[in-house]
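These are my notebook entries on a structure I looked up.

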Amino acid sequence: MDHAHPYIPNSVPEVRAAMLVSVGAVDVEEFYADIPADLRLHRPLLLPEPMRSEAELVRHVGGLLDRNVDGLSFLGGGCYPHHVPAVCDEVNGRAEFLTAYAGEPYEDHGRFQALWEYQSLMGELLELDVVNVPTYDGYQAAATSIRMAGRVTGRSKVLLGGPVSPDKLSKITDYLRGAMTFTDALDEDTACVFLEYPNHHGVIDVEAPTLVAAAHAAGALAVVSCNPMALGVLASPASFGADIVCGDIQPLGMHMQYGGGQAGFIATRDDERLVMEFPSRLFGLVPTVVDGEYGFGDVAYDRTSFGVREEGKEWVGTAAALWGITAGVYLSLMGPTGMREIGSTIMARTAYAMRLLGAIPGVTLPNADDPHFCEFVVEFVRPVGEILDALRDRGIFAGLPLDGHRALVCVTEVHTQADIELLAASVREVLA
Amino acid sequence: MDHAHPYIPNSVPEVRAAMLVSVGAVDVEEFYADIPADLRLHRPLLLPEPMRSEAELVRHVGGLLDRNVDGLSFLGGGCYPHHVPAVCDEVNGRAEFLTAYAGEPYEDHGRFQALWEYQSLMGELLELDVVNVPTYDGYQAAATSIRMAGRVTGRSKVLLGGPVSPDKLSKITDYLRGAMTFTDALDEDTACVFLEYPNHHGVIDVEAPTLVAAAHAAGALAVVSCNPMALGVLASPASFGADIVCGDIQPLGMHMQYGGGQAGFIATRDDERLVMEFPSRLFGLVPTVVDGEYGFGDVAYDRTSFGVREEGKEWVGTAAALWGITAGVYLSLMGPTGMREIGSTIMARTAYAMRLLGAIPGVTLPNADDPHFCEFVVEFVRPVGEILDALRDRGIFAGLPLDGHRALVCVTEVHTQADIELLAASVREVLA
Amino acid sequence: WDEPLVFELTQPGERGILPPLAEPQVTALVGDPAAALPDGIRRATPPALPEISQNRVLRHYLRLSQETLGADLNVDVGQGTCTMKYSPKVNDVLIRRIAELHPARDPATVQGVLAIIHGLQGMLAEVSGMDAVTVQPGAGSAAIWTNVAMIRAYHASRGEADQRDEIITTIFSHPSNAACAATAGYKVVTLYPDADGYPDIDALKAAVSERTAALLITNPEDTGIFNPRIAEFVDIVHSVGGLASYDQANANGILGITRAREAGFDLCHFNLHKTFSTPHACGGPAAGACGVTAELAPFLPGPLVTFDGVRYDLTDPGPLSIGKVRPYQGVAGNIVRAYSWIMALGAEGLREVAEIAVLNNNYLLTEMLKIRGVSAPYADGRRRIEQVRYSWEQLHADTGVHSEDLGLRAADFGVHYWTSHHPYVVAEPATLEPTESYSRTDLDEYIGVMREVAREAYESPDTVRTAPHNSTVHRNREDTLDDPGTWAVTWRAYRRKIADAR
Amino acid sequence: WDEPLVFELTQPGERGILPPLAEPQVTALVGDPAAALPDGIRRATPPALPEISQNRVLRHYLRLSQETLGADLNVDVGQGTCTMKYSPKVNDVLIRRIAELHPARDPATVQGVLAIIHGLQGMLAEVSGMDAVTVQPGAGSAAIWTNVAMIRAYHASRGEADQRDEIITTIFSHPSNAACAATAGYKVVTLYPDADGYPDIDALKAAVSERTAALLITNPEDTGIFNPRIAEFVDIVHSVGGLASYDQANANGILGITRAREAGFDLCHFNLHKTFSTPHACGGPAAGACGVTAELAPFLPGPLVTFDGVRYDLTDPGPLSIGKVRPYQGVAGNIVRAYSWIMALGAEGLREVAEIAVLNNNYLLTEMLKIRGVSAPYADGRRRIEQVRYSWEQLHADTGVHSEDLGLRAADFGVHYWTSHHPYVVAEPATLEPTESYSRTDLDEYIGVMREVAREAYESPDTVRTAPHNSTVHRNREDTLDDPGTWAVTWRAYRRKIADAR
């Protein structure tokens, strides 16, 4: 390059030349001496013409993103629209947190503390003593939880205890392949019952405790995937005996970010048999050489593939730590009262939306009498694609299509009474 | 309040009560014992119902701001659309800088250093040794610069050396009232010649050095208000003898922010007579008790009204320090080459816009042959309001109306060739 | 960090950011106009700015930020008179929405931001009881200037411009009251406190005359003492034809309790960065608001933001207006922040702000007075409103340690206070203003540091005298700052006078 | 800061943020469904979360951030293998635009973000030479898993799932290669370096058989040594019917120089948070990309982001697909960042990245080897690509000081390195990877610290052994972390096991 690039300080031609002299090289080609000619790319990469300036880059990318269309959205199904407190963004936008990585517990004391606090705050919400540093997402958390149950029990079957989203099931299926399979029966081969709470249709299954008890009676574990946002009002799965609780923390302070805000949690009792099956890092509070001082470090590091490669439990890598810190900020801000209030608001508004939509001719609600959290299934008299398209033309993204005539509609604290009424009026119009 | 507000920790009713006990008060009313009943407001303030939650607040304010309309803008005239490097926003958004205030040079060493560096970077751009901590805006900087000239010379007249925006003139007029007046002649009563460089019409007056020399010949000072963005390509006013140089740093890294990005600078030679007339704070590099260590402190603090109240030079208060830090970041990023390049780009695109608009029937350019920086006057054959309204209907904010048939059109590095061509095509259409 | 000066980071050729270049077709048509500038107007020597890659520029300023004790990072009750309150982060996010809005846009295209400006004007009118409000001034002192300019215009409109050449203020009002009056050409008369700490009413009576243009006064003053006879003060000034202008920098403790209107003021001003939570930003941008009675309204700076029930507009204020005090409509970012802050609190919330600020202050007062060596001059045993100017006079007499030393030593513990209260009417001053933003635990922590620092002053005074010990740098050799031969306001001056002279 | 645990900040009744409440009309119609939940499903005891005002929560986390040594703040060349490069701030700003975008939106409404995903896929296909790319994996290890899953599906589709039960990797490839293979049910065969530091080709020949499913290999390995016979390795595996998958975690030094295609690989992966600059975020969110040949493309996870020349769409990958590896289309924020980074550089810029990264590394190598006690095992006297795994074995032998001690001591000077390279094939390791982001001055500064720390190890080893001295906390008593009786993963566990047990 004939001038220096702002991202590459030593691309200054004179500096580059001086450094070559300093290391006794004629040319950077010397450094590539080990790469045989037949492996070399003998032409420039064919990439789009770059933007010379930041101004042009912003305009280019902004111009592309302008092609996204806004609207009033009732989409949920695993990624939820919630208000993200500004403090959450402030904290995860801090240069220190955004760009830190694998420092030691000393120069990165703040990062260790923030993640340990995240574990601890989640522990209070879940009423469990062990919570991992986040894994990638709720899908991975579910898949790993099931395999943990398989290892703990030495059994290889998993029984699904309710509707699970097809995408999540796809991930789980791939992840269990060769190790575990699905079953319809609860018997001596069953490693665990897996259930969602609330389930994929937004239903809060009041029989969940019964299912958990049945699993235990069969010597199986109960793995419960839950929406942590609901736990200010719903009993924690641990309170009715769940052994491994997992899910996605996206609702707790992460923007949806076109799917970039997902992060998975896995939690268990402080039982060595369970703890030793975690693939993830687990940070622990630890005394230091100074009395009374809190330090933090890795608990049972030699479980992990970082420590012992293929001898570790599954594998661990960079996943979603910053979202853990953020969820910690969220829970610190919300406190017990905030979590109760937001749960109540969501349930009330969800119920309100169900009432309004259920009253529209041509709409039925399959599970109208069950309690719901944050989403519910709507069945239209006409094909769902047709209805959703017509609503989209009105600037409303009314729900996720499930199948033929059904859609999943999501309502949270960000949807006002007026929003819900607009949805209902628009559905009525479309069906009229 | 029956619950605590997130912004008011001690609004927890129990804490409030306990603190009252702790200070031996029955009630907060005790603290207001000095306020007589007839001064008390015996009713609640009549304010709009507040937003309970941050989510609702965001929606409310966002909803109001949705009423602003976007478009392709060619508005300048004192506040300019430039690309703001992301690093500028990152730095001025840092909680430490955003919320610091009046700390000492020790615990706020970083703030002092950043502001001193701003002064120094501006000093290089301006080729002057003394630059103030920013004052409010370019208007204030101009008004104060003229009064400084009045005090230094002991004279009371100011001669304008070219077109000045009516608003700026309004501010200056108010500020000089009782102390100085305008004149048309350069004589022994003239404290200074005040000229803009480039001037209010975007014209780079090539006679500026001559005017400065004439002022000096009359024993007057030359006060030059300049656009610092131009100084990568234009000779600095100091290079042709300006005594006091002032202006607004908004172009150097500040978003327009509906006028919130303005900040004023004043600069002079390192001449005690001039320095002692600054009302602003001036930070200086200072040795500390540790050899070789750089500290920072206030230079000649006893000039200021902070130090000596009404005996100080004019007055000083909280003004626009953060924008000074930001301009420092901007200049650090741009360097000499960046400032030259951006100046060249702006001049080229401005000239291009002049060529294209000037070629349209019904458009004339009053100063077509003068060099321009960043803006120029366009004269339409039809009333300017009519033309601008028609362009606004096409999503183009084409310029600032000056008077009857004239508008001021601004072009910077953010306007691409295509933008300029769209403007020209639209003007042609409207005039057709 | 031992972070160098930005100039020391230069590496010729490095670039921090690249600007766009003119397109080939543009250049083909117009050439390079910058290169075509005539000699003497074309820059001959590039500015000696440093050349630094982007990563290093960022690192430099991030490190400097970490070397700055922002209010967000500490229990910032020590910058009394400045009302260091929590500035909600959500408001910083909201203002991004106006980042690219040009201030001279046609009002039809900026109805949103105008609605907010108008809304804030209305809310501040209610908070002050005044009839009309402008939020154009750039900060508190600019608002004081604006009020002085309106006072001058008012008297001029009545033909009394020359006659009324005196403005009265008090020593515990912000120095800008005195300084703005002087800048506007007024003779300044300063009232000192009487034995109770109230501005001396007899001195006022003696001072007023047909030469009196106005009284500029704070209440409560920087001592936190509310002057109960304030309405009398106003009446006295009115009785000679003067105006009364209320500096409401200290309004935080009296929101919803008492207003400018009830005391009879003609003008008042607020600092949005104090009472209304906008961030202090290392010393601005801030924002000021002026409120006036209907009689003074014609003198307001223009244009006015008005609402006809359907749309917001910018209206010319008429011939009596003082004109512009600032470009455009003020510091819009802070206007949006202040609006949002009030909308997050409402009437009940503002009153809670005031009451808790005052409760916190009296709690702090009670605990501070238990510390050896400190006192709260004036109004002995009485309550204060939202702040107290303390005196370490006794501690100084006992130990020789100055208040400033204590403040610097406190910084070693992560808190601080400032002592910029010239002239030192209160000896060895420290002004603490806890606002509503700090919890009891926070205040206890602050008090703990004060107690510890005072203990050190008595037991190991050198530790305090040589503080700071934990800062990036050590004590300045201040003398060079007042000597024209050595002061160095810029790097170029430093090189010329000091570095190259060696 | 001596910042407490967040739980210690609680004050019952304080609120950090308030959520909206249901409107009165909503409540009138539906009541309070949460309260109506049956016992056992309704939460009986509120979670024992702390109760803290907003200002204090913010202060807590800001202080913790300052206690974290982010890459933005230091010359972060010590986290070798991690490619700590400058992550441009502008990209963080750009992604705000997708913050509120639901990932299951109809493709017609998200053409912008799909265009970017598709664009990045195409650019990575060119950079790797592969035929098809997915950016769905959540990070590098997830991409490795995805490749292993595709390998498994490929062999299954040919009826060889059971027969091919071995995966071969090398000790200097990331542990996730071995671990993902094991998780997928494969027996793992690990190759060690020969005397020159290259993976032992004879060992590979001995290892391959009809049981070989694949070779997972990095090149250059974590030693910075490029294996010149890599195409032979691939051929050997191919010759027995296995696949070859290229872990391109270390691609930064070879961008535009050599590609997976040229060496004959079937699959490869990139870490967008390494080579393509997305921030490391304390350990994610990151993003991974997998590239495959046309033959493997049917096994890609779905849906695929496709373009028909007019519009972008999500397309079902067909029956051979492994299915989902992650919800939705991946970590969109990082996809936008990586796209923007490449668009700021172009082909010429990427090549400059590689060349300067390699130049910086060899500069660092030259200077490091001048320090007493350090060596660069293997390939003596040869150049390295983008990183070097150094050994302090000599220094340890001389002084008893461990590499880890040196790293902790370096942190006292504001830089650091990590030593998490288990098992320690290289004794007393330290891996330095300077990338293109650091200037010569930065590298000199880092080298200076290394020199000083090594000097201390020889001259005052206790200083090093007891480091850190400038950190917030001191050395952990690590033993409690491996004991189920004392480990404390949460505050509730700590209270139960330790605090309350006292």
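Is Arg455(C) buried, partly exposed or exposed? I found a relative accessibility of 35% for Arg455(C), which counts as partly exposed. I note at the outset that the model is predicted.

**Entry 1. A pair within one helix, chain C**

I looked next for the partner of Arg455(C). Arg455(C) forms a salt bridge with Glu459(C), and the closest N and O atoms are 2.5 Å apart. Both residues belong to helix α14 (residues 440-459) of chain C; they are four residues apart there, so about one helical turn separates them. Glu459(C) has a relative accessibility of 57% and counts as exposed.

**Entry 2. The corresponding entry for chain D**

I then looked up Glu459(D). Its salt bridge is with Arg455(D), with 2.5 Å between the closest N and O atoms. In chain D the helix that holds both residues is α13 (residues 440-459), where Glu459(D) and Arg455(D) lie four residues apart, about one turn of the helix. I recorded a relative accessible area of 56% for Glu459(D), which is exposed. Arg455(D), at 36% relative accessibility, counts as partly exposed.

**Entry 3. A pair across the sequence, chain C**

I checked the accessibility of each partner. Glu126(C) is buried at a relative accessible area of 13%. Arg259(C) is also buried, with a value of 5%.

**Entry 4. Ala125(D)**

I turned to Ala125(D), which is found in helix α4 (residues 111-128) of chain D. This residue is buried, with a relative accessible area of 15%. Leaving out residues up to four places away in sequence, I found that Ala125(D) touches Met130(D) and Val133(D). I also looked up its separation from Arg261(D): 136 residues in sequence and 9.7 Å in space, C-alpha to C-alpha.

**Entry 5. Strand β8 of chain A**

How many of the five residues of strand β8 (residues 264-268) of chain A are buried? I counted five of five, so by the cut-off of under 20% relative accessible area the strand is mostly covered. Both of its faces are covered: Gly264(A), Ile266(A) and Thr268(A) are buried on one side, and Phe265(A) and Ala267(A) on the other.

I then looked up the strands paired with β8(A). Strand β7 (residues 244-248) of chain A is joined to β8(A) by five bridges, and the two run antiparallel. In this pairing I noted that Cys246(A) stands opposite Ile266(A). Strand β2 (residues 130-131) of chain A is joined to β8(A) by two bridges, also antiparallel. There, Val130(A) has Thr268(A) as its bridge partner.

**Entry 6. Chain A against chain D**

I looked up the contact between these two chains. Chain A contributes 189 residues and chain D contributes 212 residues. About 17800 Å² is buried between chain A and chain D, 62% of it on carbon and sulfur atoms. Tyr106(A), Tyr258(A) and Arg309(A) supply 6% of the area that chain A buries against chain D, more than any other three residues.

I counted 20 salt bridges between chain A and chain D. One of them joins Arg349(A) to Glu23(D), with the closest N and O atoms 3.0 Å apart. Helix α11 (residues 321-358) of chain A gives the largest share of the side of chain A that touches chain D, namely 26 residues. I classified the residues of that side as 102 nonpolar, 44 polar and 43 charged.

I found a network of salt bridges that links Glu124(A), Asp129(A) and Asp270(A) with Arg492(D), Arg495(D), Arg496(D) and Lys497(D). Over all chains, my count comes to 130 salt bridges.

Technical notes
Residues numbered from 1 in each chain as written. Chains lettered and ligands numbered in written order. Predicted model: local features only at pLDDT ≥ 70, side-chain atom pairs only at ≥ 80, totals over all residues. Heavy atoms only, no water. Contact = heavy atoms within 4.5 Å. Buried area = accessible area lost by both parts, 1.4 Å probe. Salt bridge = Lys/Arg side-chain N within 4 Å of Asp/Glu carboxyl O. Nonpolar A, V, L, I, M, F, W, Y, C, P; charged D, E, K, R; others polar. Buried < 20%, exposed > 50% of the residue type's maximum accessible area, 1.4 Å probe, protein only. Pairing = 2+ DSSP bridges.
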